[in-house]
Amino acid sequence: MSAVQLEAIDEHRDSVSRLFWDNMLIGQPLPFQLTCRTQFEQFCLDWYFANSADSAVAVKDGRVVGYALVCIDHDSFHRGERRNLARLVLSLIVALVTFRANRQSIEFYARRLRDSVSLLASRRQIPDDVDVHAHVNIDHAHHNGVVARTLRDHIDGRCMSLGRRGWFGEMNAVGGSRVVGLQRVVGHVVSVEPNHTFSWLLGQPVSRLTTVRTMTDREAA
């Protein structure tokens, strides 16, 4: 079997987009066509491709099987996020007034807004000196730990080379699963909050787990 290789994300926008949508719902695609799909993807991904130096994709047998989108500059990130959010909101308003927004999408965006508010509370549990964040996404067929550890080690490497104390991220879990595994592979789970959007879509409780990994955790492991 071939090893997992890391590559820069720049040449893999289509593959990252595919994985983003295929795994949107914890390993599944959304069960409906999302209104303003393009603008939503831009909101979620565009900043990382414009500031791609710290991110990476995991490639196995010539196929992208995971990615780590890494941010080391939150001021720049929030500026880009605000611009892309304005574009998304404007597109949604146009879709609403022209009756082109489907009911599931309206519900999706309403619940995402509710989750965004609770996300602010979760992030208050993150130490101030942990100032790198990462979004990790892995193809469902490669959840054997190898890809996850490869991407985790990449993020660790960026933190160490930049002299940063550690990084944080959010992951979703059905019920109470994944907490022990996450703490073993990543670090400390500092907050567990309901994911209202995914709970609605899956018809069962889904939690958003905020995790913090410091370089002290790496040394201890």
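This report covers helices, strands and cysteines of one predicted model.

Residues are numbered from 1 along each chain as its sequence is written, and side-chain values use heavy atoms, without hydrogens or water. Because the model is predicted, local features need pLDDT of at least 70 and side-chain atom pairs count only at pLDDT 80 or more, while totals for chains, interfaces and linings use all residues.

Helices (H or I, at least four residues) and strands (E, at least two) are DSSP runs, numbered from the N terminus. Two strands pair if DSSP finds at least two bridges between them. Strand 1 (residues 5-7) runs antiparallel to strand 2, joined by 3 bridges. Glu7 has Val57 of strand 2 as its bridge partner. Strand 2 also pairs with strand 3, again antiparallel, over 5 bridges. Here Ala56 has Ala68 of strand 3 as its bridge partner. The hairpin of strand 2 and strand 3 has 2 residues between the strands. In that hairpin, Asp61 takes a positive phi near 55°.

How many residues of strand 2 are buried? Buried means under 20% relative accessible area, exposed means over 50%, and partly exposed lies in between (1.4 Å probe, protein chains only). The count is 5 of the 5, so strand 2 is largely enclosed by the rest of the structure. Ala56, Ala58 and Lys60 point one way, and Val57 and Val59 point the other way. Both sets are buried.

**Helix 1**

Helix 1 spans residues 13-22. Its residues Val16, Ser17, Leu19, Phe20 and Trp21 are buried. Their cover includes helix 2, strand 2 (56-60), strand 3 (63-71) and strand 4 (132-138).

Helix 4 has 21 residues, 103-123. The expected span of a helix is 1.5 Å times one less than its number of residues. For helix 4 that gives 30 Å, and its end C-alpha atoms are 30 Å apart, so the two agree. The buried residues of helix 4 are Ser105, Phe108, Tyr109, Asp115, Ser118 and Ser122. What covers them includes helix 2 (37-50), helix 3 (74-97), strand 6 (188-194), helix 7 (196-202) and strand 7 (206-214).

Trp200 is found in helix 7. Contact means heavy atoms within 4.5 Å. Not counting residues up to four places away in sequence, Trp200 touches Phe32, Gln104, Glu107, Phe108 and Arg111. Phe108 is also one of the buried residues of helix 4. Trp200 itself is partly exposed, at 27% relative accessible area.

Val146 is found in helix 5 (residues 146-162). Val146 counts as partly exposed, at 37% relative accessibility. The table sets out two residue pairs, with C-alpha to C-alpha distances.

| Pair | Apart in sequence | Apart in space |
|---|---|---|
| Trp200 and Arg111 | 89 residues | 8.5 Å |
| Val146 and Arg37 | 109 residues | 31 Å |

**Cysteines**

A disulfide is a covalent bond between the sulfur atoms of two cysteines. The criterion used here is a pair of cysteine sulfur atoms within 2.5 Å. How many disulfides does a search of the whole structure find? It finds 0. Cys44 is buried, with a relative accessible area of 18%. Cys159 is in no disulfide either. Its nearest cysteine sulfur, that of Cys71, is 11 Å away. Cys159 counts as buried, at 1% relative accessibility.
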